[in-house]
Amino acid sequence: MLISRISTFFLVLLFLLSCNSVYTPKRRGYFKIDFPAHQYQTFDQPGYPYSFEYPVYAHIIKDSSYFDTIPENPYWINIDFPGFGARIYVSYKAIGQNKFDKLRDDAYKMTFKHTYKASSIDDSSFVTPNGVGGVFFKVGGNAATAKQFFVTDTTHHFLRGALYFDTAPNEDSLGVVNRFLEKDMDHLINTFRWKN
């Protein structure tokens, strides 16, 4: 009995003496992301009715839709950001066979489909230095896409873009990447031109 009390006393004493600093729990966080410098290259393919600048750390691939079938329109492309697991889906439609009001309304409907997950949806219209007009959407919360836009001349061309990530949406972890890629989307929009 005496030996067990002495052992317990020495264990408690050893425990008290071994702690020479105050324990500070670490906060939960996310991995640090090293972002590349914003540098751009031009997308100006023959036959396409538009051109723009996009980041050098992105790749443009022709949209193949589902199961490598032919896409609805030959000018649909995807801008892939392999370093971030992100993609901007870009769809184009000619207004001649499609009414402008319907295309605009469809763009709003597709954005507002995220209402059940979104904490906010802000839309802002713009006109670029190149005279291209459109609307930019910022979707807050854990929606599947946080950034969307469309550009149009209202008579001939309508192009829509939406940023998606290849992961479950989480506003906290994706926020910093969304803000980084928003600058690239702004640059794409501000350098966008229609080729008539």
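This is a predicted model: local features need pLDDT of at least 70, side-chain atom pairs count only at pLDDT 80 or more; totals for chains, interfaces and linings use all residues.

Residues are numbered from 1 along each chain as its sequence is written, and side-chain values use heavy atoms, with hydrogens and water left out.

**Exercise 1. The overall layout**

Work out how many helices and strands the chain has, and in what order the elements run.

*Solution.* Step one is the count: the chain has three helices and 10 strands. Helices (H or I, at least four residues) and strands (E, at least two) are DSSP runs, numbered from the N terminus. Step two is the order, which from the N terminus on reads α-β-β-β-β-β-α-β-β-β-β-α-β. Step three is burial: of the 196 residues in the chain, 38% are buried. Buried means under 20% relative accessible area, exposed over 50%, and partly exposed in between, with a 1.4 Å probe and protein chains only.

**Exercise 2. A nonpolar patch**

Find which residues form a nonpolar patch on the surface, and state their accessible area together.

*Solution.* Start with the rule: patches are made of residues with over 30% relative accessible area and no salt bridge, where like charges are joined within 9 Å and nonpolar side chains (Val, Leu, Ile, Met, Phe, Trp, Tyr) within 5 Å. The patch consists of I6, F9 and F10, with about 320 Å² of accessible area together. Such areas come from the Shrake-Rupley method with a 1.4 Å probe, and for residues only the protein chains shown count as cover. Now place one member: F9 belongs to helix α1 (residues 2–18). F9 counts as exposed because its relative accessibility is 52%.

**Exercise 3. The largest pocket**

Describe the space in the largest pocket and say which elements supply its lining.

*Solution.* First, the volume: the largest pocket holds about 640 Å³ of space. Of its 21 lining residues, W76, Y89, S91, M110 and R160 are the closest to the centre. Here a pocket is an open set of points on a 1 Å grid over the protein atoms alone, where a 1.4 Å probe fits, with protein on both sides within 12 Å along at least five of seven lines; lining residues have an atom within 4 Å of a point. Grid points are joined across faces, edges and corners, and the volume is the space filled by probe spheres set on the points. Next, the elements: β4 (77–81), β5 (86–94), α2 (100–112) and β9 (157–165) each supply at least two residues of this lining. The largest share, six residues, comes from β5.

**Exercise 4. Around Q148**

Is Q148 buried or exposed, and which side chains does Q148 contact?

*Solution.* Q148 sits in strand β8 (residues 147–152). Its relative accessibility is 0%, so Q148 counts as buried. The side chain of Q148 makes a polar contact of 2.9 Å with that of T111, and another of 2.4 Å with the side chain of R160. A polar contact is a pair of N or O atoms within 3.5 Å; within protein, one must be able to donate a hydrogen and the other to accept it, and residues adjacent in sequence count only if both atoms are side-chain atoms.

**Exercise 5. Salt bridges**

Count the salt bridges, then examine the pair K195 and D44.

*Solution.* Apply the cut-off: a side-chain nitrogen of Lys or Arg within 4 Å of a carboxyl oxygen of Asp or Glu. The count comes to seven salt bridges. In one of them, the closest N and O atoms of K195 and D44 are 2.8 Å apart. This pair links distant parts of the chain, 151 residues apart: K195 is in the segment after β10 (193–194), and D44 is in the loop between β1 (40–43) and β2 (50–55). K195 counts as partly exposed because its relative accessibility is 28%.

For a second case, R104 and D101 both lie in helix α2, three residues apart, about one turn of the helix. Their closest N and O atoms are 3.5 Å apart. A network of salt bridges links D101, R104 and D105.
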